[in-house]
Amino acid sequence: QVQVKESGGGSAQAGGSLRLSCAASGVIYRRYYMGWFRQTPGKDLEGVAGISPDGGTTVYGDFVKGRFTISRTNANNTLYLQMNSLNPDDTAMYFCALDSTREYENTWSGWESFDYWGRGTRVTVSS
């Protein structure tokens, strides 16, 4: 049974930093694309960042603008999102996701193919 679970959310001041983590289990983690998404009430889910199985390809939502860094450690099945220069618009529920539809594919195929999701971790940024 595939499970992904986020941790590390919380509160930060504008201009501050937070680091999110995601632990995956029940799957050979190193085979699959991983990603971070976020959602605020009344808005659609949006892709924050994605990373290939080998870690060599990363993609970011346009709003990231160099502030966030996605990384992964395949040895311990963990995904990270380092978020710097936070602003109140970054306030959202952040979700970790895994794309099990493609194995060992390092090319980016878009945000739509992620099919396993965590329950989310909340990030609140105050001005």
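**Close-up views of a predicted model**

**View 1. Phe-63 is found in the loop between strand S6 (58-60) and strand S7 (68-73).** The model shown here and in the views below is predicted. Is Phe-63 buried, partly exposed or exposed? Its relative accessibility is 21%, so Phe-63 counts as partly exposed, given that buried means under 20%. Setting aside the neighbours within four places in sequence, Phe-63 is in contact with Arg-38, Glu-46, Gly-47, Val-48 and Phe-68. Asp-90 is 27 residues from Phe-63 along the chain, and the C-alpha atoms of the two are separated by 9.4 Å.

**View 2. A disulfide joins Cys-22 to Cys-96.** The distance from S to S is 2.0 Å. This structure holds one disulfide. Which strands does the pair tie together? Cys-22 lies in strand S3 (residues 18-25) and Cys-96 lies in strand S9 (residues 92-99), so the link ties together parts that are 74 residues apart in sequence. The angle about the S-S bond is -75 degrees, and the link of Cys-22 and Cys-96 is left-handed. Cys-22 has a relative accessibility of 1% and therefore counts as buried. Cys-96, at 0% relative accessibility, counts as buried too.

**View 3. The place of Pro-41 is in the loop between strand S4 (33-39) and strand S5 (46-51).** Is Pro-41 buried or exposed? With a relative accessible area of 77%, Pro-41 is exposed, because exposed means over 50%. Along the chain, Pro-41 and Ala-92 are 51 residues apart.

**View 4. Asn-77 sits in the loop between S7 and strand S8 (78-83).** What is the phi of Asn-77? Phi is near 55 degrees, which is a positive value in a residue other than glycine. Asn-77 has a relative accessible area of 22% and is partly exposed.

**View 5. Ser-85 and Pro-88 can be viewed together.** Ser-85 is found in the loop between S8 and S9, and Pro-88 also lies in the loop between S8 and S9. Although Ser-85 is not a glycine, it has a positive phi of about 50 degrees. At 42% relative accessibility, Ser-85 counts as partly exposed. Pro-88 has a relative accessible area of 37% and is partly exposed. Which residues does Pro-88 touch, not counting those up to four places away in sequence? They are Ala-14, Val-125, Ser-126 and Ser-127. Trp-108 is 20 residues from Pro-88 in sequence, and 29 Å lie between their C-alpha atoms.

**View 6. Thr-101 is found in the loop between S9 and strand S10 (116-117).** Thr-101 touches Ser-113 and Asp-115 when residues up to four places away in sequence are not counted. Thr-101 and Ser-113 are twelve residues apart along the chain. How many Å separate their C-alpha atoms? The separation of the C-alpha atoms of Thr-101 and Ser-113 is 6.9 Å.

**View 7. The whole chain gives the setting for the close-ups.** How many helices and how many strands does the chain have? There are zero helices and eleven strands. Read from the N terminus on, the elements run β-β-β-β-β-β-β-β-β-β-β. The C-alpha atoms fill a box of roughly 40 × 30 × 25 Å, taken along the principal axes. A compact globule of 127 residues would have a radius of gyration near 14 Å, and the chain agrees with this, as its own value is 14 Å. Of the 127 residues, 43% count as buried.

Contacts and surface complete the picture. Among contacts between residues at least 6 apart in sequence, 60% join residues at least 24 apart. The accessible surface of the chain comes to about 6,400 Å². Carbon and sulfur atoms account for 45% of that surface.

Notes. Residues numbered from 1 in each chain as written. Predicted model: local features only at pLDDT ≥ 70, side-chain atom pairs only at ≥ 80, totals over all residues. Heavy atoms only, no water. Disulfide = S-S within 2.5 Å. Helix = DSSP H or I, 4+ residues; strand = E, 2+ residues; numbered from the N terminus. Buried < 20%, exposed > 50% of the residue type's maximum accessible area, 1.4 Å probe, protein only. Rg over C-alpha atoms; globule rule 2.2 N^0.38 Å. Contact = heavy atoms within 4.5 Å. Areas by Shrake-Rupley, 256 points an atom, 1.4 Å probe, with all protein chains shown as cover.
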